[in-house]
Structure formats: C-alpha cells, structure tokens
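Here is a short briefing to read with the model open beside you.

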Amino acid sequence: LQTTCQQFVQAGNVCPNVEALQFLPLYVMGMLKSPAFRGPNDITADMRTYIWMRLENLMVTQVAVYYYPRMFSLHNIPDSCGIPDENGCVVLPDMLNLASESMTQDGVFLLEDGETINVWIGSAVDPGFLQAIFDVSSLDQLDLVAAEAVIGTRGDPVSNKVGHILAQVRRERPVPHLPVNVMRQGDQHKEMKFFASLIEDRTIGLQSTYSEFLSRMGYRPQQQQAPPATQPTAMAAPMHAGMTPGVLASPAMTTGPPRR
C-alpha cells in the first residue's frame, strides 16, 4: 500500500490539479491506520478476517467512510443545519478534519464511520447544552446508557436539531442501522476507538500525522483546492509533544470542508 501511495503522491506532484490524485493518499493512510490493515496485534486474526469479509460486501460510499469517517460538531450547529426541508432532507454541519486540533474541551462531536455514531462530550461542555439534550446539568449526572436512548428526543429546539442530524446520518447509511455510542472525555476505554479514527493524528495504527505521511511519500507542498465533502480541506498539524487522546491542545476549532 505504501509503495502504491508513493506512486499516487509522485503523480500528484506532476499533475497537482487532478483532484483524485490529491486525496487518494489520504484514503491509503486511512487504510493503513484501519483495523483491517494496521500492524499492531490488538486485532485478532478472527476479527481481521471478519472485517475483510465485511468490507468486500460494502458499497463504495460505505468503504470510503470506513477508511475516512465523518466528524461534525453538535454544540454549535449553524442555523441553516439540522432542519428538515419539504422533502425531509437535513443539511448537515460542515465536516471537520480528523485531528484532535479540530476538537475542544467545551464541545460535543459526532463521528460516524459507517458502523457506529460516536458522540464525544468534552469535560467543559456548556451545562445548558447538557440540559437541552440529556436533561442533566452536569457530566457527573449523565448516565451514558440512558443518554444513548434520549439523545435527540427531548423536544427542545437544540435537541430536535441533533435528532434530525442523527436521522439524516442514518438515512445516508441505511444498512446497517447505526447505533449511538455516547462517551465523556476521560472515558479511556470508549475513547480509544474514537481517537483511533482521527487518522490525521498519530494513531495506534501508524505513528505519523497526515503531513508527516505525505512528506515520507515524497509530497512537494503546493496550494491545494477545496476537496469534496468526504475529505478534509488541509493537512493536519502534528500532535503536540506529550499530548494524549482526550487532552486537547487548543480551544479554537478548525474549519471543515465545504459540503456539496
């Protein structure tokens, strides 16, 4: 895979305006960091065989999101998002780059990989948001099992928007039905899979950020065009030294890619 990726990157250096060549390396890196191909022995042989067999039977869009999941913020949904139109379709928030620098400790983020809808709640989240979505005023009061059942169902305007976004994600991924997995910042067992999906950071599957991976593949920096809705707009910066999953570097959020 890495040899093939080097060929893609070198072709992209020669033809920088070919969009497909720009983003193929990103998907190859996603493959290398995925449970299907990553090197560490945390995936058993039986599980890896199951994953391969499942991937062989997925649609292209499902395979794409498995290797490069979608992440949205839920705590600051724009007015134009989360409201069904006359056909019942909902505009989703802009996608965020799959990097920890896209997240903040006062935020709530949805990550969807075609199998599960993961909702991560930062430790400094606004109590008003918790009240509107989960009917609790603090994270300490939040029952995660109950939260997975109540999210998006309380009838509050903010809750309705979150519910419509969940319904739209499921509408776009009708098979299989996507369960919701709610986690708090600091729940290391649940956070492990979430942060392993932030493929533009260093992960258990490959200790390279996206920029480091491209550099190793022979990438020559150049101005990139905005990608389609299923890819990030720019290479993520390397994780700060000493940063661990769940300890976020900056309160500022990065801008996600435009949606088609």
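What follows is a tour by topic, from the sheet to the helices and then to the loops.

This is a predicted model, so every value below is computed from predicted coordinates.

- Strand β1 (residues 70–73) pairs with strand β2 (residues 108–112) in the antiparallel sense, over four bridges.
- Is β1 covered on one face or on both? Both faces are covered, with Arg70 and Phe72 buried on one side and Met71 and Ser73 buried on the other.
- As background, side chains in a regular strand alternate between the two faces of the sheet.

- The structure holds seven aromatic pairs. In one of them, the ring centres of phenylalanine 194 and phenylalanine 195 are 5.6 Å apart and the planes meet at 65 degrees; since planes over 60 degrees apart count as edge-to-face, so does this pair.
- Phenylalanine 194 counts as buried, at 1% relative accessibility, and phenylalanine 195 counts as buried too, at 8%.
- Phe194 and Phe195 belong to one aromatic cluster together with Phe109 and Trp120.

**Helix α5**

- In helix α5 (residues 127–134), the buried residues are Phe129, Leu130, Ala132, Ile133 and Phe134. They span an arc of only 165 degrees around the axis, which places them on the same side of α5.
- What covers these buried residues? The cover includes β2, β3 (117–121), α6 (144–150) and α7 (157–172).
- At the start of α5, a side-chain oxygen of aspartate 126 comes within 3.0 Å of the backbone nitrogen of glycine 128.
- After α5 comes aspartate 135, with a positive phi near 60 degrees.

**Helix α3**

- Helix α3 (residues 45–55) has Arg48, Ile51, Arg54 and Leu55 as its buried residues. Viewed down the axis of α3, these fall within an arc of 125 degrees, so they line one face of the helix.
- The buried residues of α3 pack against α4 (60–67).
- Ala45, Asp46 and Met53 are exposed on the other side of α3.

**Three loop residues**

- Serine 102 sits in the loop between β1 and β2. Is serine 102 buried or exposed? Its relative accessibility is 0%, so serine 102 counts as buried.
- A polar atom of the serine 102 side chain lies 2.8 Å from the backbone oxygen of asparagine 97.
- Aspartate 156 is in the loop between α6 and α7, and it is partly exposed, with a relative accessible area of 26%.
- Aspartate 156 and alanine 132 are 24 residues apart along the chain, and their C-alpha atoms are separated by 6.0 Å. Alanine 132 is one of the buried residues of α5.
- Proline 35 lies in the loop between α2 (19–33) and α3 and is partly exposed, with a relative accessible area of 23%.
- Leaving aside neighbours within four places in sequence, proline 35 is in contact with Ile43, Arg48, Ile51 and Tyr66. Among them, Arg48 and Ile51 are buried residues of α3.
- Proline 35 and glycine 205 are 170 residues apart in sequence, yet 7.8 Å apart in space from C-alpha to C-alpha.

Notes. Residues numbered from 1 in each chain as written. Predicted model: local features only at pLDDT ≥ 70, side-chain atom pairs only at ≥ 80, totals over all residues. Heavy atoms only, no water. Phe/Tyr/Trp six-rings, centres within 6.5 Å; stacked < 30°, edge-to-face > 60°. Buried < 20%, exposed > 50% of the residue type's maximum accessible area, 1.4 Å probe, protein only. Helix = DSSP H or I, 4+ residues; strand = E, 2+ residues; numbered from the N terminus. Pairing = 2+ DSSP bridges. Arc of directions from axis to C-beta. Contact = heavy atoms within 4.5 Å. Polar contact = N/O pair within 3.5 Å; in protein donor to acceptor, adjacent residues only side chain to side chain.
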